[in-house]
Amino acid sequence: MHTHRLTRGILNAIFLAGLAVGPVACGAAGSGPGVASHPADTPRPTPAPSLTGQDIGQAEKATRAVLDRLLAETGTSFNGWVVLNDLGAAHPTAMRNELVGRIASGLKIDEQPVRAALAELARQDLIEPTPAAATNPEIRITPAGTTRFHQLQEAIKQITQRLYANLPPQDLATAHRVLTTVTERANAELNR
């Protein structure tokens, strides 16, 4: 699914920035309203770690700052990178309106910033609308755009390896599963 690829392609972090609504218990049994307290001589279980929207937001902001610094070195905007990532990874061509809708939906933003990113990428000769004068031209990544995509993709891969170094694979799998579930639930909430 395009939205899933967009999310993963941006270091799995574009969501819930700043939703600090309190901890979400991760398996703390025997606590909460209606549960009898332990006698004074019985040790209480250690509270389970918790995950908050603030934790997710801080991770998103930190990884986004690293990504933004990398993008600035090449003169690529964040939205421009998302477009290049979409065209470079899956569709070397796309109809402009479809591409704009897909990117805006994936990033949860209005279409205007995506259209501005397309215009900037075209000025840099990284994409090419064909025919240029059409109201809904086919957008094609150029050879220079493909080069920029591969350059950024490789740099992001190296950064990601440093960020995830020495983290147990099972922890990464759990984090992926939790974040995927939170993303699905947040998207469902937005659609209510």
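Me: Which residues touch the most other members in the largest nonpolar core?
Reply: In this predicted model, the residues of that core touching the most other members are Trp81, Val83, Leu84, Leu87, Leu99, Ile103 and Ile127. The core has 27 residues.

Me: And which elements give two or more residues to this core?
Reply: Those elements are the helices α2 (53-74), α3 (78-89), α4 (96-107), α5 (111-123) and α6 (143-164), together with the strand β5 (138-141).

Me: Where does the largest share come from?
Reply: Helix α3 supplies the largest share, with 6 residues.

Me: What is Leu99 in contact with, leaving aside its neighbours within four places in sequence?
Reply: Leu99 contacts Val83, Asp86, Leu87, Ala94, Leu118 and Ile139.

Me: Back to the helices: at what angle do α3 and α5 pack?
Reply: Their packing angle is about 75 degrees, and the axes lie 9 Å apart. Helix α3 is therefore roughly perpendicular to α5, because angles of 65 to 115 degrees are counted that way.

Me: Which residues meet there?
Reply: From α3, Asn79, Gly80, Val83 and Leu84 meet Pro113, Val114, Ala117, Leu118 and Leu121 of α5.

Me: How many of the residues in that contact are nonpolar, polar or charged?
Reply: The contact of α3 with α5 comprises 7 nonpolar residues, 2 polar ones and no charged ones.

Me: New topic: where is Asn187 found?
Reply: Asn187 belongs to helix α7, which covers residues 169-190. Asn187 is partly exposed, as its relative accessible area is 24%.

Me: What separates the C-alpha atoms of Asn187 and Lys108?
Reply: A distance of 9.7 Å separates these C-alpha atoms, although Asn187 and Lys108 are 79 residues apart along the chain.

How values were computed: Residues numbered from 1 in each chain as written. Predicted model: local features only at pLDDT ≥ 70, side-chain atom pairs only at ≥ 80, totals over all residues. Heavy atoms only, no water. Core = buried A, V, L, I, M, F, W, Y, C linked by side-chain atoms within 4.5 Å. Buried < 20%, exposed > 50% of the residue type's maximum accessible area, 1.4 Å probe, protein only. Helix = DSSP H or I, 4+ residues; strand = E, 2+ residues; numbered from the N terminus. Contact = heavy atoms within 4.5 Å. Axes fitted to C-alpha atoms, helices over the stretch in contact; angles between N-to-C directions. Parallel < 35°, antiparallel > 145°, perpendicular 65-115°, else oblique. Nonpolar A, V, L, I, M, F, W, Y, C, P; charged D, E, K, R; others polar.
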